Each structure stands twice: as C-alpha cells, then as structure tokens.
Amino acid sequence: MFETLPYVHSAEDLIGIAFRSGAKKARLKRSESKHKPREKRMRGADEERIKASAVLIQTRLEEVVDKFPSFEQLPPFEQELLSLKVGKDAYKKHLGAIHWAANAIERVKQESLRDVRNGDDTASVHFQGRCASIVNRVSKDLDKLIVIKMALLDFPSVKDQPTVVVAGYPNAGKSTFVRALTGAKVKIAAYPFTTQQILIGRRKIRHATYQVVDSPGLLDRPLSRRNPVEREAVLALKHLAHRILFLVDPTQSLAPQISLLEEIRTLFSVPVTVAINDKSAGGIDEAKKGFPGAEVFCAQDEEASYELLKKIFQNQ
C-alpha cells in the first residue's frame, strides 16, 4: 500500500525548484517573442513564470494529498498503528495543511495573472513572495510528512495468510524463534526490548504459507502503563493473530509470565499455544510446573521450531 507514496519536498527545496522552473519558462518565452514589443514580451514572460511556478508547486502538493492514504482508507490495524506512531489528528492536520496550500497557490496564481494582464509589471515578483510565504507556512507539515512517510514505509507487510503472533516477556526468545523458523532479518540481543516494532516472517508447511509475527516484549502491567513498543505487540495480537504462541523464559521469574498469559487468554479469543524456550540455563522443571502442558523446545533449533509451528496450526 505504501510503496507508491510520493517524494515529499522540504519547503525550501519546493520553492527553489518551482522558481527555477518559472525562470526557465520565462527565458524561453522572451526568446520566442523577440519580434514583439518589449512590453508584450515581458508580460508574456511574467505569465509563463507565474504559471510554471504555480503548476509545479500545486502538482507536488496535490500529489502528496492524493497519494498519502486518508486515515479512513486504512485497515484497522494500520489505523491503530498510525495513531500510535503519529496520531490520527496530527496526520489529518498535516495533510489538510498541504491541501490548503495547494488551493491557496491556485488563488494567488489567478490573481497574479489578472494583475499581469492589467499591466502590473511587479505582479510576478509579488507572486513569488506570496507563493514562498504560503509554502513556508506549511514547512513544518512537509517536514512531518517526510518523517511520516518513512514510518509508513516501515510498517510491516501484512498479507492475508494464516498468522501466528509470538508473544511473551522481553528476552523470551521470540525473535530467535522467528529467525530460526523463517530466516527473517530480526535483531537479536541479550537484553530486553531488543525488538522495537512488529516484524514478519513466513514459512511454508506443505503447500500453505504461514505468517509468523515477532512482536515486542510485554511486561505484566496495565495497558495504561505500557510504552509504545509494548502497545505495538498488543495491536498485533488484536488485529493479526489467528493463533498466539506464548513463549516462556524459564530463566526469568515465572509469576509475572503466568499473569501475562492469563491476561492474553482473557483479552484475545484465538487459540493460544504455550511453549517453554529451553535456553540450556536451567529452570525447565519449575517452568513445567508453572505452565502445565506447555511444549518444551529450543527456539534456536529450526527443526524444533518448524515442528512447533505445525502443531500450532494442526487443528486449523
């Protein structure tokens, strides 16, 4: 959806490009009309300068408005993710400001062309000043949309495929599991909250392709106290999961992980598979007592991870 987002110019760049285009058109017009009286040549050049500059600014601004999706066009998952990362009202405000600027440039163009035709030899200069003022008024909106574009391009590529979301405490082995299973380029490190956003890998079982979602780690605390990274995990569970794999870290305290699992089962109605990640660092026996019936496997082991994925979807 976001691959077709347009290039967003800064205000300074847009003004410079537009005025250079206008100047070029004006020079061409003057060179084509050397047989005409000077006054007519200058008037024609001013008209070309105004039209070319205005059209370029309008085109670039309208392209931003037209090719950035409206908030209402987005699927629910993308809507909530955009609200989390940018803010719904802020997104609409920035696009609304660009829409205003495009319309304002059109008004200034028409007024300036009328002034030129009425013999005002300063109309072209005044036009440039008014255009620069309009574009500069939305300078911060353009800058924000440059950042928003990068955020949208960084959104996970979600497909309509059977999906398991991997959840659990930070450092439980979620990214290790997804990388071992799918080969997805996910960052792995021995500290909490290494995964800062939702990441997606895919793996085939026979002729079907399954989507495996690596979500940021969750702590056992109320939603109001969860940071934006944790809230992305909640969004993945809410909107993407057909199945949930809850990974247990036997080397961490079990009580908060048990509480987190209970919360996930309460909030989400999809089947939940519980698996203990054997890190060869002990704690397995206690984890089995805390999570009776849980699978035990090593997230680094591709074969074990593949067999676990098959079990998760075997009753689909």
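**Notes on helix packing, sheet and spaces**

1. In H4, the residues Trp 100, Ala 101, Ala 104, Ile 105, Val 108, Lys 109, Glu 111, Ser 112, Asp 115 and Val 116 meet Ala 123, Phe 127, Arg 130, Cys 131, Ile 134 and Arg 137 of H5, where contact means heavy atoms within 4.5 Å. Sorted by class, this contact of H4 with H5 has 10 nonpolar, 1 polar and 5 charged residues; Ala, Val, Leu, Ile, Met, Phe, Trp, Tyr, Cys and Pro count as nonpolar, Asp, Glu, Lys and Arg as charged, and the others, Gly among them, as polar. Helices (H or I, at least four residues) and strands (E, at least two) are DSSP runs, numbered from the N terminus.

2. A word on the basis of these notes: the model is predicted, local features need pLDDT of at least 70, side-chain atom pairs count only at pLDDT 80 or more, and totals for chains, interfaces and linings use all residues. Residues are numbered from 1 along each chain as its sequence is written, and side-chain values use heavy atoms, with hydrogens and water left out.

3. How do H4 and H5 run relative to each other? Their axes come within 10 Å and cross at roughly 175°, and the two helices are therefore roughly antiparallel to each other. Axes are lines fitted to C-alpha atoms, for helices over the stretch in contact, and angles run from 0 to 180 degrees between N-to-C directions; angles under 35 degrees count as roughly parallel, over 145 as roughly antiparallel, 65 to 115 as roughly perpendicular and the rest as oblique.

4. H2 and H4 pack at an angle of about 170°, with their axes 9 Å apart, which makes H2 roughly antiparallel to H4. Among the residues that make this contact are Ile 50, Ala 54, Ile 57 and Leu 61 of H2, together with Leu 95, Ile 98, Ala 102 and Ile 105 of H4. By class the contact of H2 with H4 has 13 nonpolar, 3 polar and 8 charged residues.

5. H2 also packs against helix H5 (residues 123–137), at an angle of about 10° and with the axes 10 Å apart, which makes H2 roughly parallel to H5. Here Asp 46, Arg 49, Ile 50, Ser 53, Ala 54 and Ile 57 of H2 make the contact with Ser 124, Phe 127, Gln 128, Cys 131 and Val 135 of H5. The classes in this contact are 6 nonpolar, 3 polar and 2 charged residues.

6. Turning to the sheet, 6 strands form an open sheet in the order E2-E3-E1-E4-E5-E6, with mixed pairing; two strands pair if DSSP finds at least two bridges between them. E2 and strand E6 (295–297) stand at the edges, each with a single partner strand, so one side of each is left without a neighbour in the sheet. The twist averages 30° from one strand to the next.

7. Strand E2 (residues 199–205) and strand E3 (residues 208–214) pair in the antiparallel sense over 7 bridges. Gly 201 has Val 212 in E3 as its bridge partner, and Ile 205 stands opposite Ala 208 in E3. The two strands form a hairpin with 2 residues between them, and Arg 206 in the turn has a positive phi of about 55°.

8. Helix H11 (residues 302–313) lies across strand E1 (163–168), E2, E3, strand E4 (243–248), strand E5 (272–277) and E6, and runs at about 80° to E2.

9. What lines the largest cavity? Its lining is made up of Tyr 7, Val 8, His 9, Leu 14, Arg 60, Leu 61, Val 64 and Leu 142, and helix H2 (residues 38–67) gives the most, with 3 residues. About 40 Å³ of space lies in this cavity. On a 1 Å grid over the protein atoms alone, a cavity is a set of points where a 1.4 Å probe fits but cannot get out, a pocket is an open set with protein on both sides within 12 Å along at least five of seven lines, and lining residues have an atom within 4 Å of a point.

10. About 240 Å³ of space lies in the second largest pocket, a volume being the space filled by probe spheres set on the points, which are joined across faces, edges and corners. Of its 16 lining residues, the closest to its centre are Lys 85, Val 86, Val 147, Ile 148 and Ala 151. H6 gives the most to this lining, with 4 residues.
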